[in-house]
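Let's take a friendly look at how charged side chains pair up in a protein model. Have the sequence and the 3D view ready as you read.

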Amino acid sequence: MLNLNEFLPLLFLGLMGLSMLIYVVLDGYDLGVGVLMHWATPEEKDRMISAIGPFWDANETWLVLGVGILLVAFPMAQGMVLTALYLPVSVMLAGLILRGVAFDFRAKAHADHKRLWDRLFSLGSLVASLAQGFMLGMYVTGLVYTKQAVAFSAVVAVCLVAGYSLLGACWLVLKTEGELQRKAILWAKRCLKWAGLGVALISVATPLASQRVADRWFTMPEFFLMLPIPLITAVLFIATYQLLKKLPRVNDRWSWVPFISVVGIFVLAFHGLAYSMFPYLVVDKMTAWQGAASLESLKILAVGTLIVLPAILCYTAYSYYVFRGKARDLVY
């Protein structure tokens, strides 16, 4: 039986992981739509903005919650993590700010300026996605800036852009019709291969970077217990590609399946990463208990989280319920 000193750090580690997973899936698809806008016509760009417009503010709320938990619940770890990732975090914030500004200004821009804001929106989405992928690469290699780690992180950054673009393309398959939907299916098939490469790279690099992680995955009976994760992930990749080849169908049947399938891939990949890292906040350097704040601070944070978390969940669920169905013409 765990006492509060042992339980609360684990609780906030789980909540922080859950917040980051929800953020990656939800903001991942709207960042992906932003990247894909570069290859769309002006009319298609309006419809793509309409497909993410009602949701993207709610999606980014999960990033705020996850980072907030890191800052307050794990002050020791946040110093180590954010110090190592100071530059990519700054680049990510610059990308998100550029994206937000372009999103608002394109709505009121003259026709000859709208193209510029659309390009800046795509650029901001690309920069934020690349920065997040680079941080992921550095995190799994232990936050140490060696040539190999930086090169690996750069490849992961490109692969995460493909992953977000895959989510975005599948979201457009779900939310649009006609020529844009057919174009989204083509985008999704192309991005699927790069996203698969990214998942494979991280799966190989994580045990190579840490003997502890390698022992956790490749000893018996854990090997057989965790084997379904890579196997189901591979099946989802293949099944998604086969389904995309058969879309669109009459009456838009099965258009929701690729997005759900890709979300499943992200959830499984996150599960594998969390299993590799647990109970460490920083690979082989600091556990959740070592990085946690005092018990009094965690108790106060628990009360705040009990209020904030249900509010964010309800707000997110309500916005998706209200704006369900196909995206319509963009009206300001």
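Here is a short briefing on salt bridges in this structure.

This is a predicted model. Side chains of opposite charge can pair when their charged atoms come close. Here the count comes to nine salt bridges, and some of them are described below.

**A linked network**
- Four residues, D46, R106, K114 and D118, are joined in a network of salt bridges.

**D46 and R106**
- D46 pairs with R106 in a salt bridge, and their closest N and O atoms are 2.9 Å apart.
- D46 sits in helix α2 (residues 42–52) and R106 in helix α5 (residues 86–108), so this pair ties together parts that are 60 residues apart in sequence.
- R106 is buried, with 1% relative accessible area, while D46 is partly exposed at 22%.

**D46 and K114**
- D46 also forms a salt bridge with K114, where the closest N and O atoms are 3.0 Å apart.
- Because K114 belongs to helix α6 (residues 111–140) and D46 to helix α2, the pair ties together parts that are 68 residues apart in sequence.
- K114 counts as partly exposed, at 24% relative accessibility.

- E179 and R182 meet through their side chains in a salt bridge, at 3.5 Å from N to O.
- Both residues, E179 and R182, lie in helix α8 (residues 178–209), and they are three residues apart, about one turn of the helix.
- E179 is partly exposed at 47% relative accessibility, and R182 is partly exposed at 44%.

Terms used
Residues are numbered from 1 along each chain as its sequence is written. This is a predicted model: local features need pLDDT of at least 70, side-chain atom pairs count only at pLDDT 80 or more; totals for chains, interfaces and linings use all residues. Side-chain values use heavy atoms; hydrogens and water are left out. Helices (H or I, at least four residues) and strands (E, at least two) are DSSP runs, numbered from the N terminus. Buried means under 20% relative accessible area, exposed over 50%, partly exposed in between (1.4 Å probe, protein chains only).
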